[in-house]
Amino acid sequence: MAAGFQAPKGTRDFLPEDLAQRQWIEDRWRTVSTNHGFEEIDGPTFEHLSLYTTKSGDGIVSELFSFRRSGGDDDYALRPELTPTVARLAADAVRQRPMPLRWFGIGPFFRGERPQRGRLREFLQWNADVIGDPSMNAELDLLGLLAGTLERFGLRPGDVTIRLSHRDAAASVLQGLGVDEDQLHEAFTLLDRKEKMPPEVFATKAQPLGLGPDEIAKLDAVLSSSGTTNALVKTMTGLGLQTEGLAPLFDLAAPLRDAGLEEWVTFDPGIVRGLAYYTGTVFEVHECRGAERAIAGGGRYDELIELLGGPKTPACGFAMGDVVLGLVLENLDRLPEGTAILPRPDCFVIDAGGRPDAVRQLLRALRGAGLHARTSVKATRNVGKLLAEASKNRARFAAILSEEGLDGPIELKDLESGEQRAVASGELAAVLATTTPSD
């Protein structure tokens, strides 16, 4: 924009075709979630700041858009994620509703960090959670939902993979390499960022944790062997590392195979997720041949609901944002052109007889019947030009009014087949309703 106001840094404007793409993504999130038996919830776009600092500490404030109302005493923050809100809602719901809860939510979220590729300050996000199920059925339900959604976007194993781990398995690998138990949280945070920093920077930060050059070389070997549990065991055994700590991954292998999800999953102890509230299984979705950020990520958070005042309640969930997903779909040529998925008009009304009053009446009748009807704002009565405009708008039919207006027959032209017939004005809505598919 040459002059005037611009959108704030890290946000996006959406023209009709852009918004059509975002709604195309949102519709698939919602449809697959519902088909998998999840129910939709939502909460406020801002919460008390303490909801986020209670678990993550005051250090998280720098990553949020936080504020205090003028003259007020309470601190708030625009929500950066939905999990704390879900945990807050569940703290009351688990006392009143049968378990487990299967919830999903779609809405805007906000970060106060520096914008980067795939990471904006305002974004749309889809969340799904299973609350109240301590068994691995919760993970299987969520991984099944995740795989079903990826398929709905035209993605297949080989395009993307679900990198699956467990915090205990990752801890076992790190401790086997010499990291003390009281340094695991710091080691998790560093490991979570490993792929985003140069090797020499990682080595410098890892040294105080007890990871010297030899240990880092072993860690790299373990991470590069990610894939199957057998591959991990073979590599770790060859390096002289104990494999008993991989038991949580072994426990998931057979159920994943039985659920038909094995081809989607890569076992990867390098996945730890940086958020402190994860307690068990963790996973991320990554493009197989790309350098984009994780498309989705989540895991088990069995202590968060209790921390926020509810009873001790197991929970597991994940989130997927529209920014990285859109980049990956574009990279793989799976994102439709926005102009091709804009809503199609059922009927484009053409005034060939100079009767704007009749056009307005007909539009009102068609729209009142629940049909998508448009007309031209151009002054021309050239039917050829107006039919071209109707086709450009991707209308299914054109209704051509003569000088008789609504008193005479209306020529109804099928813009796909080219067929044309005369229809009485009072019958037009009914005819269109029986011949027009719904979007």
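A cavity, on a 1 Å grid over the protein atoms alone, is a set of points where a 1.4 Å probe fits but cannot get out. Searching the whole structure turns up 1 cavity of 30 Å³ or more. The model is a predicted one, where local features need pLDDT of at least 70, side-chain atom pairs count only at pLDDT 80 or more, and totals for chains, interfaces and linings use all residues. Residues are numbered from 1 along each chain as its sequence is written, and side-chain values use heavy atoms, with hydrogens and water left out.

About 50 Å³ of space lies in the largest cavity, where a volume is the space filled by probe spheres set on the grid points, joined across faces, edges and corners. Its lining residues, meaning those with an atom within 4 Å of a point, are L51, Y52, K55, S56, I60, E81, P84, Y277 and L304. Helix α2 (residues 50-56) gives the largest share of this lining, 4 residues. Helices (H or I, at least four residues) and strands (E, at least two) are DSSP runs, numbered from the N terminus. By kind, the lining has 6 nonpolar, 1 polar and 2 charged residues; here Ala, Val, Leu, Ile, Met, Phe, Trp, Tyr, Cys and Pro count as nonpolar, Asp, Glu, Lys and Arg as charged, and the others, Gly among them, as polar.

Next, find R163 in strand β7 (residues 160-166). Is R163 buried or exposed? R163 is buried, because its relative accessible area is 14%, and buried means under 20%, exposed over 50% and partly exposed in between (1.4 Å probe, protein chains only). The side chain of R163 makes a polar contact with the side chain of D268, at 2.9 Å. Such a contact is a pair of N or O atoms within 3.5 Å; within protein, one must be able to donate a hydrogen and the other to accept it, and residues adjacent in sequence count only if both atoms are side-chain atoms. Apart from its neighbours within four places in sequence, R163 has contacts (heavy atoms within 4.5 Å) with E195, T266, D268, I271, V282, F283, E284 and H286.

Now for the backbone. The peptide bond from M99 to P100 is cis, with omega near 0°, and P100 sits in the loop between α3 (83-93) and β5 (101-110). D333, although not a glycine, has a positive phi of about 60°. D333 belongs to the loop between α12 (322-331) and α13 (338-341) and is exposed, with a relative accessible area of 67%. R394 is not a glycine either, yet has a positive phi of about 65°. R394 lies in the loop between α15 (383-392) and β14 (397-401), and its 24% relative accessibility makes R394 partly exposed.

Technical notes: 1 Å grid on protein atoms, 1.4 Å probe; cavity = no way out; pocket = protein on both sides within 12 Å on 5 of 7 lines; lining within 4 Å.
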